[in-house]
Amino acid sequence: MAPLSLPDAFRRHPAAWAMAATFAASLLLRGLYLAGSPDRDWPFSVFFAGDARFFHTAAVDLARGRVSPAALPYHPPLFPALLGFLYRVMGAPQGSALPYKLALACVGAATVAFCQGFWRRLLGSAWSLVAAGLYATSFGWLVLSTTYSNETLSALWLCFTCALVLRMGGGVPSWAPVLGLGAVMGLGTLTRAEHLGLWPFLLAYAWTARERTGGWKPWALRWGAAVGVSLLLLVPSALRNLDTMRELNARAPHLEPLPEWVPVTVYGPLNFAMANHAGATGGFTPALINQGGNNGQLDASRPEHRRLLLHGYAEGLRWMVDAPGDAARLLWTKLDLWLDGLRLGVGVSDVPGGLTGERAPVDVFVPDAGWLKWPLAALLLAGMLLSLKPAHAPFRLLSLVVLHRVLVTLAFFGYARGLLVVFPALLPLLVLPLKVLGERHAAVARRLPALAGALLLLLWAEAAYVATRETPRRFMASGTTDAVNGKLIQDDRVRLWPQP
């Protein structure tokens, strides 16, 4: 048989070629972004510090086989494990984090490509490429997918989750996607614990989308098996945490014991209490931890910290009941901070928002200019409302995923990065109203995606210019400084602007 020519191969497998091109273009842009960044050798970014220091330290210990002292399982284990694997394969860092950032950029680029693959069935070829172009060029994701951020891995699992649920359709699914969904949900939970909370939303969608013939028992068996597989993947983490929690309880026998059964992390009650009290800001603040005079360091042996770890949900709810007006205003502030993720633009210069703005504690940079925020929020709401129509029923799954993230935000902290992490579900909802509008006019339906794609391609040219110019881009920063050495406190609010 004669080998296929390139045009014939493309005609036979257009979806695969589109995904490959999306991956290559996304990775190229991430590489150009790193090449033009002053922080390319640092494990964190000037636009996002997050938990990079913890991830690096934990990964070094894993790579070297070093057994760390028993500590509270606060961070989910999967991202440090991935980073530790990279350190073991590529060698420990030798003064530059660039090789590992490029490896993580591959994960980010692959996520864009896989999203484009399942969006194709929802949006069609042209609009799925536009949505993928928005994902690939998102300034927020250029930052997050080129630094030590577990959002990079979390978005990948969310992409697989949505794709598998849509593939399972309304009938009784076959075992392959069932087991795959269970595995992905388990891995997603080991990356960020709230991923497990997606199950009620996924099951609600699957139940309403199911075919009414054939009875419900085979359907329930398959979906129950998927839930079971996801929980089974948490057992090794739970057993490891069991020994840790027993040791911590033995160190402080005079205090109320901590729960021994911790599948992933203990941060639920603690974070809820820190997010809902009289001094809460809507974003992350360690004010309750600092009241113990421990400089923001969590110590389970301190009675006031132990109380938050055990009774944080009760304390937070008690405050909300006692101060309903303040609690309502705080909920709006959290949602407002979450929607700040829509301020972030596209390209290495964050068009149109620009590169002057603030980086909130443990959050991604947000530009001062925010005119994109509310039009995009209205577009997102329009997409979610359109998903209620029978013609757009598969989009209901994406609306439920976004709703889950909104509820997580209202319960805990308002993070702009919390909006970015649901891009696999959010972007199709943003594009859906444009697609519906375009379909009413044949000329618009043909030209609008092409115009959007052409404008997005200009961002690669801009990135190449920034990466290759003689004078590298530099930034100025201001914020709270350490009283001892005068350095900026990276976990506090930092203001950023380009150096003239």
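This is a predicted model: local features need pLDDT of at least 70, side-chain atom pairs count only at pLDDT 80 or more; totals for chains, interfaces and linings use all residues.

**Reading the model**

A: Proline 352 is found in the loop between helix H15 (324-339) and strand S1 (357-359), where helices (H or I, at least four residues) and strands (E, at least two) are DSSP runs numbered from the N terminus. Residues are numbered from 1 along each chain as its sequence is written.

Q: Which residue is joined to proline 352 by a cis peptide bond?

A: The partner is valine 351, and omega of this cis bond is about 5°.

Q: What is the phi of aspartate 350, and is this residue buried or exposed?

A: A residue counts as buried under 20% relative accessible area, as exposed over 50%, and as partly exposed in between, using a 1.4 Å probe and protein chains only. Aspartate 350, in the loop between H15 and S1, has a positive phi near 55° although it is not glycine, and it counts as buried because its relative accessibility is 0%.

Q: Where does valine 362 lie, and what is its phi?

A: Valine 362 lies in the loop between S1 and strand S2 (365-367), and its phi is also positive, at about 55°, in a residue that is not a glycine. With a relative accessible area of 13%, valine 362 is buried.

Q: How many helices and strands does the protein have, and what is its radius of gyration?

A: The protein has 20 helices and four strands. The radius of gyration is taken over C-alpha atoms, and the globule rule is 2.2 Å times the number of residues to the power 0.38. For 500 residues a compact globule would have a radius near 23 Å, and the protein has 23 Å, which agrees. Of the 500 residues, 49% count as buried.

Q: Where does UniProt place the feature "transmembrane region"?

A: UniProt positions are given in the numbering used here, feature names are shortened, and annotations may be inferred rather than shown by experiment. The unreviewed UniProt entry places this feature at several stretches, including residues 125-144 and 156-176. Over residues 125-144 the chain is 95% helix and 0% strand, with the end C-alpha atoms 27 Å apart, whereas over residues 156-176 it is 71% helix and 0% strand, with the end C-alpha atoms 19 Å apart.

Definitions and conventions. Side-chain values use heavy atoms; hydrogens and water are left out.
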